[in-house]
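Q: I am new to this structure and would like to learn how to read it. Could we go through it together, one feature at a time?

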Amino acid sequence: MPYPMHVLVNDFALRSFRETADKDYITARMACRARLIQSYRWSALHCLEKYVKGILLLNRVNTQKLGHTVLPGIDRMKERGKFELELTTGTLKFIKNLEESGADDRYYLLSYDIEPLDIAQFDRAVWELRMYCRPLDYDIDGEDGKSENMLARELHAIRVARENYKKGSLIHAGVLEKILEKKDHPAREALIWNNLFFGPSRRKSVKMRLDWEAGNSAFFLNPQIIDEVVKYVTVPKELVEGVRQLAKQRANEKAKAERDAKKAAKLAAKQSGGVA
């Protein structure tokens, strides 16, 4: 007997969005541990983006034209879905920083930075979002033969899990769960390393280095190259305009500094001549 269409669409959502997001999550953690920060941020953004799109599709909310973004999808769920994603201020701030600081930049066109304990903020964001990335709005037949919708119960279970800081995300047989169960899985160590939200350990704290890292793009260091570079490379129009403005600002500052230096030199020469 073939599966109903809604079951097949849910299967698509779980395979194409949640499963790939789970893999991006581990990829991001591996990159962060290896101090490959740009790769970490890129994978982190894609991971969270896919969880949100999976949540939207599971609840039959359109995911089109969202691009590599997270917050617009969260807003769309609030506007068009049956419930709102309850996320902490810290998680929303982490996502906003990823989006606004250009985590979707693949070519080091933009400067970047991460704050100390960034990976812990990422882990929490995944933990909070992933709880919603499963079928929540479904009906079951009660003992009296009447159908009961489970959405309210499922949302309550999410709130309880969050309040009690329950590890995992109420998902059974997901990619992360399968990796955790298999102790010899090659990705397991990367998943549980310093992870307070996923893993078998009962620890409530981990020791982390308070690392901070930043890097400046070539356009920030030498914005005057922009018009030569765009002869050979496709650069987003808004970025081109921004770099041109920066180059103009730097040129004006340099010209002003040179004028001020000349004035100071003339004044010094005049004063020196007067004393003599």
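Q: Let us start with charged side chains. Which residue meets D123 in a salt bridge?
A: In this predicted model, the partner of D123 is R29, and the N to O distance of their salt bridge is 2.9 Å. D123 belongs to helix 5 and R29 to helix 1, so this pair ties together parts that are 94 residues apart in sequence.

Q: Are D123 and R29 buried or exposed?
A: The idea is to look at the relative accessible area, where buried means under 20%. D123 has 1%, so it is buried. R29 is buried too, at 0% relative accessibility.

Q: How many salt bridges does the structure hold?
A: There are 16 salt bridges. One of them joins R130 and E177, whose closest N and O atoms are 2.8 Å apart. This pair links distant parts of the chain, with R130 in helix 5 and E177 in helix 7, 47 residues apart. Both R130 and E177 are buried.

Q: Now the rings, please. How many aromatic pairs are there?
A: The count comes to 9 aromatic pairs. To read such a pair, look at the distance between the ring centres and the angle between the planes. For Y108 and Y112 the centres are 5.9 Å apart and the planes are at 55°, a tilted pair. Y108 is partly exposed, with a relative accessible area of 33%, whereas Y112 is buried, at 11%.

Q: What makes the pair of W127 and Y165 stacked?
A: The answer lies in the angle: planes under 30 degrees apart count as stacked. The planes of W127 and Y165 are at 10°, with the ring centres 6.4 Å apart, so the pair is stacked. W127 lies in helix 5 and Y165 in the loop between helix 6 (151–163) and helix 7 (175–181), so the pair ties together parts that are 38 residues apart in sequence. W127 is buried, with a relative accessible area of 0%, but Y165 counts as exposed, at 55% relative accessibility.

Q: Which residues do ring pairs link into a cluster?
A: Ring pairs link Y25, Y40, F94, F122 and F198.

Q: What sits over the ring of F220?
A: Here a charge meets a ring: the charged end of R250 sits over F220, 5.0 Å from the ring centre.

Q: Let us turn to the nonpolar cores. Which residues have the most contacts inside the largest one?
A: They are Y25, Y40, L48, Y51, L85, F122 and L129, in a core of 58 residues. Helix 2 gives the most to this core, with 12 residues. Apart from it lies another core, of 7 residues, among them F219, I226, V240 and V243.

Q: What is Y51 in contact with, leaving aside its neighbours within four places in sequence?
A: Its contacts are R18, A21, D22, Y25, V126, L129, R130, C133 and L176.

Q: Is D24 buried or exposed, and where does it lie?
A: D24 lies in helix 1 (residues 5–33). With a relative accessible area of 16%, D24 is buried. Not counting residues up to four places away in sequence, D24 touches S43, H46, C47 and K50.

Q: Last, how do I read the sides of a helix? Which residues of helix 3 are buried?
A: An α-helix has 3.6 residues a turn, so residues three or four places apart point the same way. In helix 3 (residues 71–80), the buried residues are G73, I74, R76 and M77. They cover an arc of only 160° around the axis, which puts them on the same side of helix 3. What covers them includes helix 2 (37–58) and helix 4 (89–100).

Q: Which exposed residues does the face turned away from the buried side of helix 3 carry?
A: That face carries K78 and E79.

Note on methods: Residues numbered from 1 in each chain as written. Predicted model: local features only at pLDDT ≥ 70, side-chain atom pairs only at ≥ 80, totals over all residues. Heavy atoms only, no water. Buried < 20%, exposed > 50% of the residue type's maximum accessible area, 1.4 Å probe, protein only. Helix = DSSP H or I, 4+ residues; strand = E, 2+ residues; numbered from the N terminus. Arc of directions from axis to C-beta. Contact = heavy atoms within 4.5 Å. Core = buried A, V, L, I, M, F, W, Y, C linked by side-chain atoms within 4.5 Å. Phe/Tyr/Trp six-rings, centres within 6.5 Å; stacked < 30°, edge-to-face > 60°. Lys NZ or Arg CZ within 6 Å of the ring centre and 35° of its normal. Salt bridge = Lys/Arg side-chain N within 4 Å of Asp/Glu carboxyl O.
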